[in-house]
Amino acid sequence: MGTATSLRLTGYAHGGGCACKIPPGELESVVRGLQPSPSAERTGELVVGLEDGDDAAVVTIRDGLALIATTDFFTPVVDDPYDWGRIAAANALSDVYAMGGRPVVALNLLCWPRDVLPYEMAAEVLRGGLAVADLAGCHVAGGHSVDDPEPKYGMAVTGTADPAGLIRNDAGRAGLPLSLTKPLGLGVLNNRHKQTGEVFAHAVETMTALNAEASTAAVAAGIVAGTDVTGFGLLGHAFKLARASGVTAVIDSAAVPYLDGAREAVREGYVSGGTRRNLDWVAPETDAGSVGDDDRLLLADAQTSGGLLLVGEIPGAPVVGELVPFDGTRLRLR
């Protein structure tokens with residue numbers, strides 16, 4: 001599957017996948033204070049915006065109908081262009097699923113070094129994105145491209161949801177469990193792939209899997225709080241959820257599932273700078289207890305197209321912690 005080529009896409013990127021995000025602390029300083037003018041007239045009501053750094057923006061259009069808008073793109077996380085397209089599309093669609101919605105239409109976002117990499121590879125990237133959008137039942141209708149020294153791909157996605165069934169990161173309540181729908185370890189395996197060329201088919205399968213089924217199950221179970229786990233790692237996204245909800249998130253490190261080979265990759269040093277920055281960001285508000293360095297790095301591992309972190313339980317998703325009343329720290333590991 002994909003284009004047979006001696007060109008390694010990951011070699012043209014300074015980082016890989018969601019690990020290339022601007023660090024969360026730096027990003028928050030950039031967007032702090034960006035508030036729309038209260039006097040301007042607008043269509044619909046903005047019910048989820050910048051305030052808590054949720055997964056997507058949500059505007060109510062009419063009773064019973066909310067519009068979800070999001071965008072996500074990144075540098076190559078694998079060398080196979082078709083797989084990269086599939087992973088990037090699944091990751092972008094995930095933001096809609098994380099809000100309890102369904103994607104309706106997507107637009108491609110493509111940055112391409114046109115004098116360096118062949119257009120045949122770009123076509124494979126777009127073909128991969130289309131394949132995943134088809135699985136999601138989401139239209140792909142054009143997009144935008146830019147001549148760029150570094151390849152990047154993703155999608156701008158619009159979805160819909162019932163405003164009464166939204167899943168938000170500020171709706172967590174103490175006393176409820178935390179469930180995780182995909183194993184961790186994608187970041188360290190992707191970094192190992194970038195450095196060695198080893199292919200981890202099970203990691204690709206995890207990244208290309210849609211969060212549609214988990215989202216549907218969460219809405220059916222009445223879950224109203226959650227987020228997806230991507231570039232800021234489990235700890236970063238749990239921290240944001242706990243802060244927005246005014247609670248403490250307790251993570252049971254022994255209950256967290258990991259992909260085969262993830263622990264070995266950490267031991268051998270395949271840890272991205274993004275993962276270390278994630279850990280540094282949450283450290284001041286984390287009680288790490290007796291959890292060791294390798295486990296903390298895995299919990300902060302920068303995921304690409306990871307699973308959903310849900311405040312509640314759904315079939316098949318392990319419980320990895322709970323929310324408790326705020327105890328002075330936002331994260332507590334055990």
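I began with the contacts of the protein chain in this predicted model. Among those between residues at least 6 apart in sequence, 85% join residues at least 24 apart. I then looked up the secondary structure, which comes to 10 helices and 13 strands. Of the 334 residues in the chain, 53% are buried.

Next entry: Asp228. I found Asp228 in strand S8, which covers residues 226-228. Is Asp228 buried or exposed? I read a relative accessible area of 0% for Asp228, and the cut-off for buried is under 20%, so Asp228 is buried. I looked for a partner of the Asp228 side chain and noted a polar contact of 2.9 Å with the side chain of Ser94. Setting aside neighbours within four places in sequence, I listed Asp55, Ser94, Asp95, Ala98, His237, Gly307 and Leu308 as the residues in contact with Asp228.

Next entry: helices H2 and H3. I took H2 as residues 81-98 and H3 as residues 119-136. Their axes lie 7 Å apart, and the packing angle is about 40°. That angle makes H2 oblique to H3. I recorded the crossing of H2 past H3 as right-handed. On the H2 side I noted Pro81, Tyr82, Trp84, Gly85, Arg86, Ala89, Ala90, Leu93 and Tyr97. These meet H3 residues including Met121, Glu124, Val125, Arg127, Gly128 and Gly129. Which classes of residue make up the contact of H2 with H3? I have 13 nonpolar, three polar and three charged residues.

Definitions and conventions:
Residues are numbered from 1 along each chain as its sequence is written. This is a predicted model: local features need pLDDT of at least 70, side-chain atom pairs count only at pLDDT 80 or more; totals for chains, interfaces and linings use all residues. Side-chain values use heavy atoms; hydrogens and water are left out. Helices (H or I, at least four residues) and strands (E, at least two) are DSSP runs, numbered from the N terminus. Buried means under 20% relative accessible area, exposed over 50%, partly exposed in between (1.4 Å probe, protein chains only). A polar contact is a pair of N or O atoms within 3.5 Å; within protein, one must be able to donate a hydrogen and the other to accept it, and residues adjacent in sequence count only if both atoms are side-chain atoms. Contact means heavy atoms within 4.5 Å. Axes are lines fitted to C-alpha atoms, for helices over the stretch in contact, and angles run from 0 to 180 degrees between N-to-C directions. Angles under 35 degrees count as roughly parallel, over 145 as roughly antiparallel, 65 to 115 as roughly perpendicular and the rest as oblique. A crossing is left-handed if the near helix is turned anticlockwise from the far one by less than a right angle, and right-handed if clockwise. Ala, Val, Leu, Ile, Met, Phe, Trp, Tyr, Cys and Pro count as nonpolar, Asp, Glu, Lys and Arg as charged, and the others, Gly among them, as polar.
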